[in-house]
Amino acid sequence: MREGISIISSLVPIVALVLIVVVEFAIYKAVYKRKINKRLAEGREADIKPMMSPVKFTVITLLCSMIVLVILW
């Protein structure tokens, strides 16, 4: 019985991390689409600033979510 509990308890953080990464990429994709549509509507005269890379966004969001979880815990 104890082995079943330890396996489940070891999988929970992994599942949570995967879920957080999937949500992060969904948020990034939504923001990316909005910015691309805005730039296309503005045309060539737009003030273009590059977006943050998806990897950098993921790392920053993971760090922030870990900090929030530690504070809440």
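This is a predicted model: local features need pLDDT of at least 70, side-chain atom pairs count only at pLDDT 80 or more; totals for chains, interfaces and linings use all residues.
**Helix α2**

Helix α2 spans residues 54-72 and has 19 residues. From first C-alpha to last it reaches 26 Å, close to the 27 Å expected at 1.5 Å a residue. Phe 57, Thr 58 and Leu 62 are buried in α2. Seen down the axis of α2, the buried residues fall within an arc of 125°, so they line one face of the helix. On the other side of α2, Lys 56, Ile 67, Val 70 and Ile 71 are exposed.

**Aromatic cluster**

Tyr 28, Tyr 32 and Phe 57 form one aromatic cluster. The count comes to two aromatic pairs, listed here.

| Pair | Centre to centre | Angle between planes | Class |
|---|---|---|---|
| Tyr 28 and Tyr 32 | 6.3 Å | 15° | stacked |
| Tyr 28 and Phe 57 | 5.5 Å | 50° | tilted |

Tyr 28 and Tyr 32 both lie in helix α1, four residues apart, or about one turn of the helix. An α-helix has 3.6 residues a turn, so residues three or four places apart point the same way. Tyr 28 is buried at 12% relative accessible area, because buried means under 20%. Tyr 32, at 39% relative accessibility, counts as partly exposed.

The rings of Tyr 28 and Phe 57 have planes at 50°, so that pair is tilted. This pair links distant parts of the chain: Tyr 28 is in helix α1 and Phe 57 in helix α2, 29 residues apart. Both Tyr 28 and Phe 57 are buried.

**Surface patch**

Leu 11, Ile 14, Val 15, Val 18 and Val 22 make a nonpolar surface patch of about 460 Å². Val 18 sits in helix α1, residues 2-42.

Methods: Residues are numbered from 1 along each chain as its sequence is written. Side-chain values use heavy atoms; hydrogens and water are left out. Patches are made of residues with over 30% relative accessible area and no salt bridge: like charges are joined within 9 Å, nonpolar side chains (Val, Leu, Ile, Met, Phe, Trp, Tyr) within 5 Å. Accessible areas come from the Shrake-Rupley method with a 1.4 Å probe; for residues, only the protein chains shown count as cover. A salt bridge is a side-chain nitrogen of Lys or Arg within 4 Å of a carboxyl oxygen of Asp or Glu. Helices (H or I, at least four residues) and strands (E, at least two) are DSSP runs, numbered from the N terminus. The expected span of a helix is 1.5 Å times one less than its number of residues. Buried means under 20% relative accessible area, exposed over 50%, partly exposed in between (1.4 Å probe, protein chains only). The arc is that of the directions from the helix axis to the C-beta atoms. Rings of Phe, Tyr and Trp (its six-membered ring) pair if their centres lie within 6.5 Å; planes under 30 degrees apart count as stacked, over 60 as edge-to-face and the rest as tilted.
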